[in-house]
Each structure stands twice: as structure tokens, then as C-alpha cells.
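The following report goes through the contact between two chains, the fold of one of them, and a few local features, with the criteria given where each term is first used.

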Amino acid sequence: MRETFVDTMTGLLADDPRTALVLADISADAFASAARRHPDRVINVGIREQLMLGVAGGLALTGLRPFVHSYATFVVDRAYEQIKLDLDHQGVGAVLVSVGASYDGAAMGRTHMSPMDVALVDTLGGWTVQVPGHPDEVPPLLAANARRDSSVYLRLSTQRNERAWPGDGRLQVVRRGHAGAPLVVAVGPMLDPALRALAGLDLTIAYTHTPRPFDTAGLRALAGREVILVEPYLAGTSSRVVAEALGDRPYRLLSLGVGRGDLRRYGTPDDHARWHGLDAAGLRESISAFLG
Amino acid sequence: MTVTTAGRVDVGFADRPPTTDFARLPTLLRRLTGDEKHQPSSYSTLDVLWVLYDRVLRVAPDRLDAVDRDRFLLSKGHGPAAYYAVLAAKGFVPESWLDDLAGPDSRLGHHPDRMLVPGVEIGSGSLGHGLGLGVGIALGLRAQGLAGPGTPHGYREPRVYVLLGDAELDEGSNHEAICYSGACRLAGLTAIVIDNQSATHSWAPASPNTGYTAAVPTYGLDSAPAESVGIATRFLVNGWTAAIVNGRDHDAIEAGLTRSDSRRPHVVVARVEGKQHA
């Protein structure tokens with residue numbers, strides 16, 4: 001997904017003079033040729049994340065469309081107040097594009113993990129959050145983001161599904177159970193683990209790469225009595241949205257995702273998926289227990 | 001008054017023509033504070049703001065969104081009474097707004113909001129945000145050919161001015177912006193630091209001989225105060241030009257502000273009396 005982002009972004013910078021890219025050293029080598037061609041619109045501020053966001057806010061105030069890129073923990077966690085004030089409070093928007101989702105950087109340890117990024121962005125109003133599950137879903141999202149002014153958080157990952165499920169962000173039914181069957185909503189790269197985990201069970205499995213704004217109309221149309229969220233970031237991040245959407249009917253909700261604790265372990269993303277119960281076996285165990 | 005689609009307020013009014021009379025400000029400040037005792041000297045930023053709006057900035061209430069306007073960013077959003085008084089004096093906001101500071105329906109609060117006040121370029125209050133935004137605005141103007149060597153007027157037009165306080169410089173975000181804009185030679189950016197010696201840990205150099213004292217021109221001062229030199233040094237080492245001025249002397253302020261060159265960012269340290277601690 002990172003390579004796809006670099007290629008697509010390089011093309012957008014060439015085609016659309018309104019676009020700009022702000023970096024804090026991360027991926028600067030990958031954008032070196034774009035920086036040579038567009039020295040005024042590819043801006044690497046060095047290892048300065050507060051400035052990266054402040055510059056994005058300033059560029060947007062002059063009418064440009066800034067894309068801001070770094071590791072999730074550096075683009076969201078580190079300079080959160082700049083996102084809140086230099087973008088939102090100024091009434092301008094930007095596209096934040098992260099890599100290093102959740103435990104993609106497992107071997108680098110906790111300092112390079114941010115499972116809480118989407119929850120942090122979700123404390124703000126009016127943001128779109130995109131969590132693609134396949135590299136082919138990335139280019140159309142980037143192109144659409146270049147054409148609007150509102151703020152977007154695009155979360156890229158090394159975890160990916162076998163095939164792409166492009167679309168406009170509404171829930172797509174991947175497997176349909178009987179009417180009123182429990183509904184599983186898998187976000188981004190959690191779709192394949194969910195499909196593997198739930199093979200042979202009578203469930204409806206729906207996919208989205210755009211958890212904000214959440215497709216609440218689709219959720220209401222598909223949901224029976226049991227709803228299961230499978231998210232690749234902090235568990236419970238979308239519980240609030242489901243609660244608001246289904247508040248007028250009885251339902252039970254299971255929210256699966258990355259746990260809150262610092263495991264203090266390295267290893268691989270697969271190891272962390274297992275430790276957080278997000279591999280096929282872990283998902284099946286949690287969901288079977290929930291459904292009884 | 002109408003609210004535009006972007007949410008900003010357009011104000012069409014002319015309850016009083018813009019004034020060039022500095023002596024009118026105490027009346028406006030009294031309307032904001034209801035305070036008869038405070039003199040203009042109580043407002044550390046008042047003279048600098050006046051000189052900017054009266055002599056330097058190319059801004060006007062009838063061209064708020066002109067792409068070639070200068071940008072003034074009040075980074076130090078605390079105690080904006082002087083800012084509001086000057087905006088009213090220059091016709092950006094109706095004087096009647098001054099009578100309800102921070103009321104439930106007031107557009108003027110204890111920290112300014114660009115979405116509520118015509119002519120205010122950024123919302124501020126949390127310290128250390130203005131300079132980074134100013135760097136982005138200067139880069140954005142340059143990227144669009146509105147400022148820089150490619151324009152007929154060179155770097156002079158439009159310019160981005162950011163007003164900070166000496167205590168605000170404690171925030172590390174400022175130092176990210178100071179280092180970067182010096183390194184990339186961001187001409188077109190002017191920082192103004194009001195030095196009222198309010199930083200908890202003084203900016204005076206630990207060693208009196210920084211090597212920079214003689215390099216900083218001063219205006220309206222007999223000698224360069226240690227704190228002001230310490231502040232200017234933080235910019236100079238990153239490739240900025242600098243001037244230290246008497247922050248109460250209008251001609252000195254103007255001289256310092258207009259001393260920028262076309263190759264580097266510029267800082268003006270405006271020295272005023274030490275902050276009165278209650």
C-alpha cells in the first residue's frame with residue numbers, strides 16, 4: 001500500500017497544482033523525484049511533526065490541498081493538538097496518510113505502534129477515516145481526497161486481503177447468511193481473517209474501508225439481533241457509532257480489535273494478531289463464545 | 001452580517017471610518033475592559049500592533065480575502081484586547097462589538113477565533129501554533145507564485161507576520177519552525193517577539209558573550225538588553241536576520257520591521273517593560 005501511495009501521490013502532484021505533500025523525513029527518499037519536480041509543493045520539514053501539521057494548516061489557509069504523511073504514531077498521536085487546532089479550529093482540512101498501522105511495525109516495538117490512531121481522530125468532528133484492505137483500493141481514495149477540502153485520515157497497512165473490495169465506503173455484503181443472521185462488520189484488512197474464522201457458520205459478513213462516516217443506513221438494513229465489529233485498530237472504536245445507529249432496537253454487540261495494553265513484545269504482525277485474538281482462531285473463539 | 005458557506009463571517013458596516021489617531025485607542029480599550037485605570041502601557045503588544053496596522057501591513061477591511069494581502073498572525077492569543085481595539089480602530093470590526101467581550105453571543109473572546117472575527121487570520125490561544133501556521137502560509141504563497149523571486153515585487157509582497165511573546169517561545173513547536181524556516185531560507189516571513197521578560201527561565205544568554213550582540217541592530221534603545229539578545233540569538237543561529245527595537249517607539253518599531261532582506265526570514269524583538277506580576 002505504501003508503494004501504491006507513493007506512485008499515486010506522485011501522479012497527483014504532477015496533475016493537480018493544488019496538491020501539496022508535507023513530510024517529516026519518513027518516506028522522503030521515496031518522494032525524492034517528486035520533490036525535484038515540485039520543490040515548492042513537496043515539503044520535508046525534517047523530523048518535526050508539530051511543524052509538519054502546522055505547515056499543512058498554513059498551506060490549506062492559502063487554498064492548497066495538503067497531504068501529510070508519516071507513521072501513524074507520529075502523524076496522529078505525536079502532534080494531536082496541531083490536528084485539533086491547526087486544521088479543525090482554523091476551519092481548514094488536510095489528508096493525513098499513515099503507515100505503520102497498529103502492529104505493522106511489531107519488530108520495532110511499542111514506540112512505533114499506534115492502535116489508538118482512529119480513536120484519537122474520532123474525537124474530532126467531520127473527519128473521514130479510510131482503512132483500505134488492499135492496495136488497489138488506495139488510488140481511487142487518494143484521487144477523491146485530492147478533489148475535496150474536508151479532513152481525511154487514510155490508514156495504510158502492510159496487512160491486506162486477498163482481493164480488493166473497492167466501493168464508495170458503504171457496507172458491502174461479502175457473505176450473506178439467513179435473514180436476521182448475526183452481522184459481522186469487518187474493517188479493512190480484517191476481512192480475510194474474519195472470512196477464514198467464520199467459514200461454515202450462518203452469518204452475514206459485510207466489509208467497509210471507510211469506518212467514518214460509518215454506513216449507519218447499511219448497518220440498520222443488515223443488522224439482526226447480534227452485531228460483531230472486527231476492526232484492525234483499538235477494540236471498541238466503532239461501538240459508539242453502532243450504539244447510536246441501533247439505539248431504538250434491542251441488539252447485542254461484540255467489539256473486537258486491538259487491546260489497550262502494551263504487550264512489551266516484538267515478533268511479527270502475525271504474532272501480535274494472535275496475541276490480540278485477531279487471527280482466524282482467536283476470532284472464531286471470541287465470536288463462537290458470544291453467539292453461544 | 002452574513003455567514004459565508006465556509007462559515008466565516010462577512011461584515012458589511014461602516015459605523016466609523018478607520019482612524020489614524022493612536023490617541024483613540026484608550027477609549028476603545030476602555031470599552032473592552034470597562035477599566036478606567038489601565039493605561040496603554042499595560043498592553044505589551046499595543047504599540048507594535050498599531051505600527052503594523054497603521055504603517056506596515058497591506059490589509060484592509062474591504063479586501064479581507066485578497067490573495068495578495070499581507071497576513072498578520074497573532075500567535076500569542078492571550079490578552080487580545082489591544083488586537084481587538086486596533087481592529088476596531090482600523091474598521092475591521094464594529095466598535096459596538098467591544099462592549100461584550102467574551103459574552104455568550106460575542107464574536108470577541110479572550111482568545112481570537114478567525115471564523116468569528118473579520119481580518120483575524122488564525123484562531124489562537126494555545127501557545128506555539130502561530131509560527132508553524134505562518135511557515136505554511138509563506139510556503140503556500142510561494143508555491144502559488146504569489147510571493148518569491150518570480151513575482152514583480154519580490155519577497156516584499158505579500159508578507160507573513162507572526163506576533164509571539166517571549167514566554168511563548170518556551171514551546172518547542174516554535175523552535176521547529178525557527179530551525180526549518182531558517183534552513184530553507186523562507187524569506188517572506190517576519191516574526192515579532194514581544195519581550196516583556198515574562199519567560200519563567202530567562203532568555204538572557206548564560207554566557208554574556210554570545211558573539212551575536214554586536215550583530216543585532218537596535219532601534220530606539222541605548223543598548224541591547226540581555227534577554228532580547230538571547231531571543232534574537234535563537235533566530236540568528238538558524239540563519240534569520242534580526243533587529244531589537246524599543247517596543248514603545250513607533251518609528252523604531254517601523255524601522256525594525258522594514259529591515260528584512262529578500263533572502264532570509266526576519267525577526268524583530270520588541271522590548272517593553274517587564275510584565276507586572278499581580
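How many residues does the contact take from chain A and from chain B? The contact takes 24 residues from chain A and 24 residues from chain B, where two residues are in contact if their C-beta atoms, placed from the backbone, lie within 7 Å. This is a predicted model, in which local features need pLDDT of at least 70 and side-chain atom pairs count only at pLDDT 80 or more, while totals for chains, interfaces and linings use all residues. Residues are numbered from 1 along each chain as its sequence is written, and chains are lettered from A and ligands numbered from 1 in the order in which they are written.

On the side of chain A that touches chain B, the elements giving two or more residues are α3 and α5 (80–89) of chain A, and the largest share, nine residues, comes from α3(A). Helices (H or I, at least four residues) and strands (E, at least two) are DSSP runs, numbered from the N terminus. By class, this side of chain A has 10 nonpolar, nine polar and five charged residues; Ala, Val, Leu, Ile, Met, Phe, Trp, Tyr, Cys and Pro count as nonpolar, Asp, Glu, Lys and Arg as charged, and the others, Gly among them, as polar.

Helix α3(A), residues 49–61, has 13 residues and reaches 19 Å from its first C-alpha to its last, close to the 18 Å expected, the expected span being 1.5 Å times one less than the number of residues. Because 13 of its 13 residues are buried, α3(A) is largely enclosed by the rest of the structure. A residue is buried if 20 or more other C-beta atoms lie within 10 Å of its own, exposed if 12 or fewer, and partly exposed in between. Just after the helix α3(A), Gly63(A) takes a positive phi of about 100 degrees.

The loop between β2 (42–44) and α3 of chain A holds Val45(A), which counts as buried with 28 C-beta neighbours inside 10 Å. Leaving aside neighbours within four places in sequence, the contacts of Val45(A) include Val22(A), Leu51(A) and, in the other chain, Tyr180(B).

Three bridges join β5(A) to the parallel strand β6 (residues 152–155) of chain A, where Val152(A) is the bridge partner of Thr128(A).

Chain A as a whole comes to 12 helices and 11 strands, and buried residues make up 51% of its 292 residues.

Methods. Pairing = 2+ DSSP bridges.
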